[in-house]
Amino acid sequence: MPSPRIRRLILDEQMLQSLLHDWPLVQVTGKAGIPPEIYRFNYNLRGLYVSGSGEILERDTHVLEVNLTLGYPRRAPQCRMLTPVFHPNFDDSMVCIGDFWAASEGLDDLIIRIGRMIAYQEYNTKSPLNGLAAKWAAQNSHLLPIDPRPVAPPSRDGQTQEETKAEEASSSRLPESDDHPVGSDPWSEKIVIG
């Protein structure tokens, strides 16, 4: 019988194939290992980058590499963009996912969340990797999101993954007091648009 880590890697691959099959906005473009431990994803979403002349410009395609290290899933995957992205939670060498990673989160959920970040549907300006991008996002929130399309494909009932999760969260949410919200969000300072 395979180890728990190997079973998780197999499950992640199956979930990604099921979720992203024929979905044009997020595609698996490469895998390494059996079962895969390294993935490459193409995001066909509008995001931002800084040109050589220092201008902030839109880009329609982004490439992400995900490495599922030996500590995975207890430790967050190592995620890095192979194309430049101007975002508070991205730098040249990594994507900041440690603030919200939990071993119970599926790799498919993480890939959708990173897509939402690229499109500026989610961002955190309180603990940024890129302070300049955080300042820009705070000053230009009226321009966000850069790409408002749902990142996740619709489920069989026609809802997007984001809509389904929002409904589940609102139906299971406990009342909050003004002083102490019940059930703290591990990324409590994030900003979600849409």
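Start by selecting Glu122, which sits in strand β7 (residues 122-123); strands here are DSSP runs of E with at least two residues, helices are runs of H or I with at least four, and both are numbered from the N terminus. A word on what you're looking at: this is a predicted model, where local features need pLDDT of at least 70 and side-chain atom pairs count only at pLDDT 80 or more, while totals for chains, interfaces and linings use all residues. Residues are numbered from 1 along each chain as its sequence is written, and side-chain values use heavy atoms, with hydrogens and water left out.

Back to Glu122: its relative accessibility is 7%, so Glu122 counts as buried (buried is under 20% relative accessible area, exposed is over 50%, partly exposed is in between, with a 1.4 Å probe and protein chains only).

Next, the rings. Select Phe86, Tyr120, Tyr123 and Trp136, which make up one aromatic cluster. The structure has five aromatic pairs (rings of Phe, Tyr and Trp, the last by its six-membered ring, with centres within 6.5 Å; planes under 30 degrees apart are stacked, over 60 edge-to-face, the rest tilted). Phe86 and Trp136 form an edge-to-face pair, 6.1 Å centre to centre with 75° between the planes. This pair links distant parts of the chain, 50 residues apart: Phe86 is in the loop between β6 and α2, and Trp136 is in helix α3 (residues 131-139). The centres of the Tyr120 and Trp136 rings are 5.9 Å apart and their planes are at 65°, so this pair is edge-to-face. Are Tyr120 and Trp136 buried or exposed? Both are buried.

Stay on Tyr120 and check its backbone. Tyr120 is not a glycine, yet has a positive phi of about 60°. Tyr120 lies in the loop between α2 and β7, and its relative accessible area is 0%. Then jump to Asp22, in the loop between α1 and β1. Asp22 also has a positive phi of about 60° without being a glycine, but Asp22 counts as exposed, at 68% relative accessibility.

While you're on the backbone, what kind of peptide bond runs from Ile34 to Pro35? This one is cis, with omega near -10°, and Pro35 lies in the loop between β1 (26-32) and β2 (38-43). Another cis peptide bond joins Tyr72 and Pro73, where omega is about 10°; look for Pro73 in the loop between β5 (62-67) and β6 (78-81).

Last stop: select helix α1 (residues 4-20) and helix α2 (residues 107-118), whose axes come within 8 Å and cross at roughly 50°. Axes are lines fitted to C-alpha atoms, for helices over the stretch in contact, with angles from 0 to 180 degrees between N-to-C directions. The two helices are therefore oblique to each other (under 35 degrees is roughly parallel, over 145 roughly antiparallel, 65 to 115 roughly perpendicular, the rest oblique). Show side chains, including Met15 and Leu16 in α1, and Ile111 and Ile112 in α2, to see where the helices meet, contact meaning heavy atoms within 4.5 Å.
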